[in-house]
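Colleague: Could you walk me through this one slowly? I am new to reading models, so please spell out the terms as you go.

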Amino acid sequence: MALTLYVDTARWRAHQQMVIQQFPGIVPVCKGNGYGFGHERLAEEAARIGADVLAVGTTYEAARMKDYFSGDLLVLTPFRRGEEPVPLPDRVIRSVSSVDGVYGLVNARVVIEVMSSMKRHGVTEEDLPKLHAAIENVRLEGFAIHLPLDRTDGIDAVEEVIGWMDRLRAARLPLHTMFVSHLKADELARLQQQFPQTRFRARIGTRLWLGDHESTEYRGSVLDVTRVAKGERFGYRQQKAASDGFLVVVAGGTSHGVGLEAPKALHGVMPRAKGVARAGLATVNRNLSPFVWAGKQRWFAEPPHMQVSILFVPGDVTAPQVGDELVAHLRHTTTQFDRLFDR
């Protein structure tokens, strides 16, 4: 009995091919929990599509991935002096976001990140004159820019990249390769047309692995079903059942990421109102689970346990049977499955 990730492999890979065709020279990203698929599986997929570079989040991820992927590994977290040294092969490329960081990576392969409107990290325009001396002692693989997902002020993403291309060119810095994130296919094509001497490489994770929502599905196995009457006590905290119904124990708990949904940015009146309503229900121990039965998401009977969740199904609904599987609407990047099943 398990929380299972089912993958329609043919459909999933067809979507990958569509993205690859839209973004020539794509650099697949595999970080965190491997977008829900795991590092080993995505390394296999990256090799299958012929990727020469795979981007990972940290040096620790690179140390693990080096045994699964034989091409170059690009570490996205910038190097900082004093960080814990991790033994890595020469095919690992480090991101750097400061002049000091470049000086700290003598003879290493590096990608220099520039400061975008994300304001997260990167070298500034004022840093550019200092880079000439710094890059003499490293093997520069290119520059990179990480762009925001939303643009509420209407500033064009392409124009932001062009602005940095002009600054780098004015500073007489090498512009053979520019790694970009969060650009559309037509935006990438515009840049490639305007700067034919530069190779633009899109670093893509979510769109590549999770762009076709219908190709994957989580399901949790039903482990037990117990009838309860209104007023009966149950669970760790011995709460009283609000009405007659069924307690359904399903595979999938906090160790899988169930109940650990990452916070979301809310835009607009209606989403905010729904968020307030959910928060209000949570104060009286009413939390909607990700598990679906008989066409509806069912409420948690109590907070999820480590490996299972207990749901409440009303008495006027036919209860599931032990061995049934309940579809679960889970976020891939916060979920750990027990097994992956290709179909």
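**A loop, a sheet and a pocket**

Colleague: Where does Thr335 lie?

Modeller: Thr335 lies in the loop between strand S17 (325–328) and strand S18 (339–342), where helices (H or I, at least four residues) and strands (E, at least two) are DSSP runs numbered from the N terminus. This is a predicted model, in which local features need pLDDT of at least 70 and side-chain atom pairs count only at pLDDT 80 or more, while totals for chains, interfaces and linings use all residues. Residues are numbered from 1 along each chain as its sequence is written, and side-chain values use heavy atoms, with hydrogens and water left out.

Colleague: Is Thr335 buried or exposed?

Modeller: Thr335 is buried, with a relative accessible area of 1%; buried means under 20%, exposed over 50% and partly exposed in between, using a 1.4 Å probe and protein chains only.

Colleague: And what does the side chain of Thr335 reach?

Modeller: The side chain of Thr335 reaches the backbone oxygen of Arg331 at 2.7 Å. Setting aside neighbours within four places in sequence, Thr335 is also in contact (heavy atoms within 4.5 Å) with residues including Leu3, Tyr218 and His256.

Colleague: Changing topic, what is the strand order in the open sheet of eight strands?

Modeller: The order is S2-S9-S8-S7-S6-S5-S4-S3, with parallel pairing, and two strands pair if DSSP finds at least two bridges between them. The edge strands, each pairing on one side only, are S2 (27–28) and S3 (53–56).

Colleague: How many bridges join S6 and S7?

Modeller: Strand S6 (residues 109–114) and strand S7 (residues 139–146) pair over six bridges, and Ile112 stands opposite Phe143 in S7.

Colleague: What about S9, which strands does it pair with?

Modeller: S9 pairs in the parallel sense with S2 over two bridges, where Val27 stands opposite Arg203 in S9. S8 and S9 pair over four bridges, with Val180 opposite Ala202 in S9. S9 is mostly covered, as five of its six residues are buried.

Colleague: Which element gives the most to the lining of the second largest pocket?

Modeller: S9 gives the most to that lining, with three residues. The second largest pocket has a volume of about 920 Å³. Of the 30 residues that line this pocket, those closest to its centre are His146, Leu149, Ser181, His182 and Thr206.

Colleague: How is a pocket found?

Modeller: On a 1 Å grid over the protein atoms alone, a pocket is an open set of points where a 1.4 Å probe fits, with protein on both sides within 12 Å along at least five of seven lines, and lining residues have an atom within 4 Å of a point.

Note on methods. A polar contact is a pair of N or O atoms within 3.5 Å; within protein, one must be able to donate a hydrogen and the other to accept it, and residues adjacent in sequence count only if both atoms are side-chain atoms. Grid points are joined across faces, edges and corners, and a volume is the space filled by probe spheres set on the points.
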